[in-house]
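Let's take a walk through this protein together. Keep the picture open while you read, and look up each piece as it comes along.

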Amino acid sequence: MTDMIQDRGGPQSTPEEAEFELRAHLGAVWTGGRLFIAMYTFILASLAFSYFYLRSSNNAQLWRPHHVTAPTYYGFFIYAFLLLSAGLALYGQWRLRRGSVTDWQVAGWTGVGSGLLALFLQIWEFQKVPFYPGSSGYASTFIGFAVINIATIVIGTYWLETTLARALRLRREIGGVDAVLSQHPSAQSLRANIASMTYFWGFIALASTLFLFMFYL
Amino acid sequence: MTISAERPTDTVVPHETPPTPPRIPWAQRPGWMSQHLGTAIVVGFIGYVFGHWLGNYIASGYPYIVNSGQNSIADTLALAFMVVGWLLGVGALNYPLAKLIGREAPAEVEVKGWSKYFRYNTDHKVVGLQYVVGVILFLFTGGLLAMAIRTELLNPTTHVFGPGTYIEIVSEHGTIMMMMATSIVVGPLGNYLVPLMIGSRRMAFPRIEAFSFWIFMAGYAVIFSALPYGGFTTGWTGYAPLQTQNGPGMVSYLLGFAVVGLGMMAAGFNIAATIINYRAPGMTWSRVPIFVWSILATAALLTLATPVLFSAGLFGLLDKTVQTAFYVGEHGGSSYLWENLFWFFGHPEVYIMALPGFGIVGEIMPVFCRKPVFAYKVSAAGMIGVALLSFFVWQHHLFQSGINPDMRPLFMLTTELISIPTGFIFLVGMGTMYRAKIRFEIPMLFAMALFFNFLIGGITGVFLSDVPVNVTVHGGFFVLSHFHYTIMGGLLFAFMAGLYYWLPKMTGRMMNKKIGLWHFWTMFIFFNLTFFPMFIIGLLGQPRRVFTYAKNLQGLNDFSSISAFLLGFSFLIFAANMVWSLWISPQKAPANPWESLGLEWQTATPIPLHNFDRIPVILADPYHYSEENPPAVADLGEDLVVTAASSDSNPS
C-alpha cells in the first residue's frame, strides 16, 4: 500500500484516497482504450468513406480500370499475420486471466513477431503494387490504406510489446514469475493496460477483415 | 467506493522507511544540460535539415519532381522530421521509448523555478499556463495578418500587396486563427481548471496532456513555415483542386493541420478520460460544473471529429508527395471528397470553438449574478445536444458545391435544428441574469458581451442555413461577418472573460481593473464597428478573398479597416494589462476574489502539485448563491467545508 500511495496519490494520501486514485487510474485506462478505438474508428471510417465515395463517383471512368487489384497474396498474408497477432493477444489474455503468465508471454511475444512480419510485408508490398498511385481512385485509396495500415500495425505491435516488456521488468521489481497477477498497483495497472490493448488489437483485426474484402477480394 | 464525509480513516499511512526524494526525469531537470525549448529548437532544426536531405536523396530523380521543379517529398519529410526532432528535443518521446524496455512512468515531482514553463512538464497547471502563452502567440500572429488584410482593403485601387500575396495572407490568417480557436479554451483553461473543478489531484494521462501542448506548438511552426515556402492560396478551407495546384506552402497547410489535429485528439482524449474517471467522490453528473460539461462535450468532438481531419490531411499529403489522386477528378479522385472530409470535421469544429465559450460564461455568470445557474440540466443537455447534432450538418457548407440539390432541405433542417439546443444555452444565460443583482466586474462584462455578439452571429447563422439565402450570399462578406461574430464575438470574448476571472488563481495576481475596463470597452465597441459593416458590405456584393472591390464600397471598408486597427489596439491594451498586472505593478490576489463556490478557488495559492491536501467530498453543485440555508458544497477534509455562507462572507 505504501508503494501505491507513493505512486498514485502523492506522499500524503490516506489508504481510502490511494484506493480511490488507483480505481480512477484503472478506469481511465479502460476509458482511454475505448476512446482510442473510437478515434481509430473515425480514421478508418474516413478511409472507407473515401473508398466508397470515389467508387460511386467513378470520375473519368477511373475508379478501377481493368479491375486492377493489389497483390492478393500479400494482402492475404498481411491480414493473416495481423489476425494471428491479434488472436494471440486475445488468447494470451484469456490464459492470463486463468493464471498462466507463461502462456500469455509466449503468445504475446509470438504476436509481436507476427505483427512485425505483417509490418514488413505491408511495407514490402509497395514494391509489388502493379499500378501507379495516381492511376485510379482505387489505386489512391489503396495507397492511403497501406499507409494507415503501417501506422496501425506499428501502434498495435508497440502496445503489445510494451506490455510484455513491462511484465518482465515487473518480475524484477516485485519478484516472482507471477508478478503480473499480483495485487500490486503496478500489476493491476498493467493488467488493465493489457485488456485495453487486446480490445484494440481485436477491433483492428475485425476492421482489417472489411478492408481485406474491399481492397483484395 | 466513496470517501465518506466523516472520514473515519482519515489518517496518513506512515512510510515504512524514510521516503527518498523522487528522481526528477531528465526532461524536467533544471539547467541547460537537460531538455527544454532550446534543445527542441536545435533538434527540430537538425530534423528539418535531415528530412530535406533525405527527401532530395530519395526523390530528386523522380520524373514528376524533375519536371515540376518542386520536391514536395523533401518539403514534407523536412517538416515531418522537424516535428519529430522537436518532440525528441523537448523530451516528449523519452517515456514512449523507455516503455519499449518496460520502464514505468517516472513519479510526478514538483520542479521549482520559472524554467519549468520551457520544459516538457506533466503538471496540468504548468501545461495550462504554457497553453496560455501558446494560444496568445497564435492569436497575435493571426491578428497581425488581419491588420495586413484590412490595410490592403483601405483602397480598391491603390494596393499594398499583389493579389497573390493578399490571398496568401488571408489563407494564413484564417488557418492560424482556426488552429488557435480549436485549442484556445480547452488548452489553457481546460487543462488548468478541469482537475481542480472536479476535485482531482491529477490528469488521467499527464504525458499525453503535455504532448498535446508541445505538438500544438510544433503545428504553429509547421503552418508558419507556409509563409517562407511561398504561402498557399486556398483560404483556410484548402479546397481542391486549388490545393493540388498549390506549391510547397500547401504542404505546410496539410501537415500543419494533421499535426495540430494530433494535439487536439490527444487533448480531447485525456480530458474526457479525466472527467469520466477522476471526479471526486460525491461529484455525480448532476453536480459537475457547467464549464466541465462544456469541456466534456468539446472533448468528445475533438476525439471523434479530428481524426477525419487527420485522414483528410494525410490523403492530401499523399497527393502532393507520392502522386495519389484522392482529390484529382481527372485521375479517378474527387475534389468533393476533400470538401466532405474537411467539413465533417469542420462543422463540429465550429462547436469545438463555441461550446467552451458557453461553458465559461455559464460558469461565471452565477458568481456575478449571485444566483444559482438557471436550468442547470437544460444547459448540460443543450451542450450534449449541440455536440451530437454537429455531426449532422456539415453538408450545408456544400449547398453551392457538390451536394445533390435534393439533399439540401434535409441539411437545412438539421442546421436549423441545432439552433434549438444552442437556444437552450442562450436562455440559461438570460435566465441566470433575470432579476439578478449583477456585479459588473470585467469577466461579467465580457460574458454579457458574448451574449450580445452571439445573438447577432447566431441569428445570422439560422438565416444562412436557409438555402435561398445561402445561395445568394455565398462566398461574400456576409458569411465572413457571421462567423467572426460567432467565433471572435463568442469564443474570444469568453476566453477574455475566463482569463480575467481565473488569472488571479492561475498567477496569484489581480488584473488591473481600470486597464481591464479600457480593454473591454475598446474591444467590444471596435469589434462591432469592424464586423457589423461587413454584413452590409456582403449584402452589397463584395466577395471574400478578393483584394479589390467596387469603388462605392470604399467608405464602409475604410470604416471597417479603421475600426479593425483600433480593435487590434485593444489587444495591445490587454497585453499591457498582463505586463502591468503581473510584472510591473503586481497586486496579490485574495484567495477567492469573486466569492465563488467553485472548487478551484478552495485550494491554496499557489496551488500545490497535487492540488488538494485531501481529496474533497462533493456534497452539492457549486451554484447555491444567495439561498437561505444553502447546503454545504464540499468537504475538503481537516474540518474545511465549503458553503455559500462561508464563501459570501469571504471578503474580496
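In this predicted model, strand β2 of chain B (residues 632-637) is tied to β3(B) by 4 bridges, and the two strands run antiparallel. Then go to B:G637, which stands opposite B:L640 in β3(B). Between the two strands sit 2 residues, making the whole thing a hairpin. One thing to spot in that turn is B:E638, with a positive phi of about 50°.

One pair to look for here is B:V617 with its bridge partner B:D635 in β2(B). Put together, the strands make an open sheet of 3, in the order β1-β2-β3 of chain B, with antiparallel pairing. The edge strands are β1 (617-618) and β3 (640-643) of chain B, since each of them pairs on one side only. As a bit of background, strands of a sheet pair through backbone hydrogen bonds, and they can do that either parallel or antiparallel.

Is β2(B) mostly enclosed or open to the outside? Buried means under 20% relative accessible area, and 5 of the 6 residues of β2(B) are buried, so this strand is largely enclosed by the rest of the structure.

Now let's zoom out. Chain B is divided into domain 1 (23-112), domain 2 (122-507 + 515-545 + 554-584) and domain 3 (602-648). Notice that domain 2 is written as three stretches. If you take the centres over C-alpha atoms, domain 1 and domain 3 of chain B are 44 Å apart.

Next up is a pair of helices. Two packed helices are described by the angle between their axes and the distance between the axes. For helix α11 (residues 290-321) and helix α12 (residues 335-369) of chain B, the axes come within 8 Å and cross at roughly 160°. How do these two helices run relative to each other, roughly parallel or roughly antiparallel? An angle over 145 degrees counts as roughly antiparallel, and α11(B) and α12(B) are therefore roughly antiparallel to each other. The crossing of α11(B) past α12(B) is left-handed. Sorted by class, their contact has 22 nonpolar, 6 polar and 1 charged residues.

| Feature | Value | Where in chain B |
|---|---|---|
| Cis peptide bond, B:A240 and B:P241 | omega about 5° | B:P241 in the loop between α8 (206-224) and α9 (242-245) |
| Cis peptide bond, B:T605 and B:P606 | omega about -5° | B:P606 in the loop between α20 (554-584) and β1 |
| Positive phi, B:R545 | phi about 65° | loop between α19 (513-539) and α20 |

Terms used. Residues are numbered from 1 along each chain as its sequence is written. Chains are lettered from A and ligands numbered from 1 in the order in which they are written. This is a predicted model: local features need pLDDT of at least 70, side-chain atom pairs count only at pLDDT 80 or more; totals for chains, interfaces and linings use all residues. Side-chain values use heavy atoms; hydrogens and water are left out. Axes are lines fitted to C-alpha atoms, for helices over the stretch in contact, and angles run from 0 to 180 degrees between N-to-C directions. Angles under 35 degrees count as roughly parallel, over 145 as roughly antiparallel, 65 to 115 as roughly perpendicular and the rest as oblique. A crossing is left-handed if the near helix is turned anticlockwise from the far one by less than a right angle, and right-handed if clockwise. Ala, Val, Leu, Ile, Met, Phe, Trp, Tyr, Cys and Pro count as nonpolar, Asp, Glu, Lys and Arg as charged, and the others, Gly among them, as polar. Domain bounds come from an automatic or database domain assignment. Two strands pair if DSSP finds at least two bridges between them. Buried means under 20% relative accessible area, exposed over 50%, partly exposed in between (1.4 Å probe, protein chains only).
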